[in-house]
Amino acid sequence: MKKTIPLFLAMFLLCTILAVPASAAQAAEPAETGRDSAYYPISVEEYTYGDFDELRISKTYQLSLDDDPSLIPTEDFTRNGRLYYLLDMTRKDEVGVDTKPHVQTVTIPSDTNNMEKILQTLDAEIEATTEDGYTGTLHLDHTTVKVTTDGYATKTGTVSATRTYPNLSDADLSLVPKTISDGGRTLTLADVQWSNSTQEDGEGVVTRYTATARYTGSTSSKYATGYTVSADYSGEVSKTGSTEAPKDSGVLDGEPVDVSGIGRPLMIGGVVLALVLSGAFAYKKIRRR
């Protein structure tokens, strides 16, 4: 019977130690559930802590300036048959450079739609600053250059042409055509200038007339009132500095608040209770004997 007392005591202590972490997890405030996490840890470390070799897991997340720390998962989870719950979460702000791709569209007026001339007027690179404070140098993407017409207007004008009609028998307008066709347009007789000359033939002196006629007409054509050139500049922009954690994110500044102390008093109490019960049990056995 003497060998059964130490064996019973050892089994009781093991049950107590295994039950303490689960009790502490139930006593802690329940973690938020039903929320999808957007981030994954860059490193996971499993280790023991304290005099009782408490099993712990440390996860490290690396967030950019635009990330929200409240999306880090904080729910309880089970690993290798053990229930793990959140003890604390700390934040370490690091000053660094956060970069992201950026595209900016530039539009400028132009008086020509000649692409060769337009490309000569565009800057090869520009300096850009975004609304959220990122800055950087962007480079022209030649494949994105586009030209659009602002609008059209109609232009009218006058055209004229001259015709000469020699060897006319008389200075008579009926001998001069009233309209002519010139370059696909119909022109109308505007005025006539006469000249004459004399020449002898067998019957005497004969007078001949030459008509110099001027014809006029109107023309109209559409033209572009102007052009607008658009082009994309692309590249990376960056911002240097650190960011504050959003309010109510569950992230603590400074030293972490360690709630693991909940388990230690429970474990000590369990050991003391086990010693008292085992002592009482041994005392009764001795008295019976």
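Modeller: A residue is partly exposed when its relative accessible area lies between the buried limit, under 20%, and the exposed limit, over 50%. The model here is predicted.

Colleague: Why is Y223 called partly exposed?

Modeller: The relative accessible area of Y223 is 38%. Buried needs under 20% and exposed needs over 50%, so Y223 is partly exposed.

Colleague: Where is Y223 placed, and which residues does Y223 touch?

Modeller: Y223 is in strand β11, which covers residues 204–241. Leaving out residues up to four places away in sequence, Y223 touches G151, Y152, A153, T154 and K155. For Y223 and A153, which are 70 residues apart along the chain, the C-alpha atoms are separated by 5.5 Å.

Colleague: What makes S110 count as buried?

Modeller: Relative accessibility is 16% for S110. The limit for buried is under 20%, so S110 counts as buried.

Colleague: What surrounds S110?

Modeller: S110 belongs to strand β5, residues 96–110. Neighbours within four places in sequence aside, S110 is in contact with I118, G226, Y227 and V229.

Colleague: How do you know that the side chain of S110 has a polar contact with T112?

Modeller: A polar atom of the S110 side chain lies 2.8 Å from the backbone oxygen of T112. The cut-off for a polar contact is within 3.5 Å, and 2.8 Å meets that distance.

Colleague: How many aromatic pairs does a search of the whole structure find?

Modeller: The search finds one aromatic pair. F77 and Y84 form the pair, with ring centres 5.3 Å apart and planes at 10°.

Colleague: Why is the pair of F77 and Y84 called stacked?

Modeller: Rings pair if their centres lie within 6.5 Å, and planes under 30 degrees apart count as stacked. With 5.3 Å between centres and 10° between planes, F77 and Y84 meet both conditions, so the pair is stacked.

Colleague: Are F77 and Y84 buried or partly exposed?

Modeller: F77 has 29% relative accessibility and counts as partly exposed. Y84, at 8%, counts as buried, because the limit for buried is under 20%.

Colleague: What sits over the ring of F77?

Modeller: The charged end of K59 sits over the F77 ring, 4.6 Å from its centre. The distance limit is within 6 Å. Likewise, the charged end of R56 sits over the ring of Y49, 3.8 Å from its centre.

Colleague: How much of the protein counts as buried?

Modeller: Of its 289 residues, 21% count as buried. The secondary structure comes to three helices and 11 strands.

Methods:
Residues are numbered from 1 along each chain as its sequence is written. This is a predicted model: local features need pLDDT of at least 70, side-chain atom pairs count only at pLDDT 80 or more; totals for chains, interfaces and linings use all residues. Side-chain values use heavy atoms; hydrogens and water are left out. Helices (H or I, at least four residues) and strands (E, at least two) are DSSP runs, numbered from the N terminus. Buried means under 20% relative accessible area, exposed over 50%, partly exposed in between (1.4 Å probe, protein chains only). A polar contact is a pair of N or O atoms within 3.5 Å; within protein, one must be able to donate a hydrogen and the other to accept it, and residues adjacent in sequence count only if both atoms are side-chain atoms. Contact means heavy atoms within 4.5 Å. Rings of Phe, Tyr and Trp (its six-membered ring) pair if their centres lie within 6.5 Å; planes under 30 degrees apart count as stacked, over 60 as edge-to-face and the rest as tilted. A charge sits over a ring if NZ of Lys or CZ of Arg is within 6 Å of the ring centre and within 35 degrees of the ring normal.
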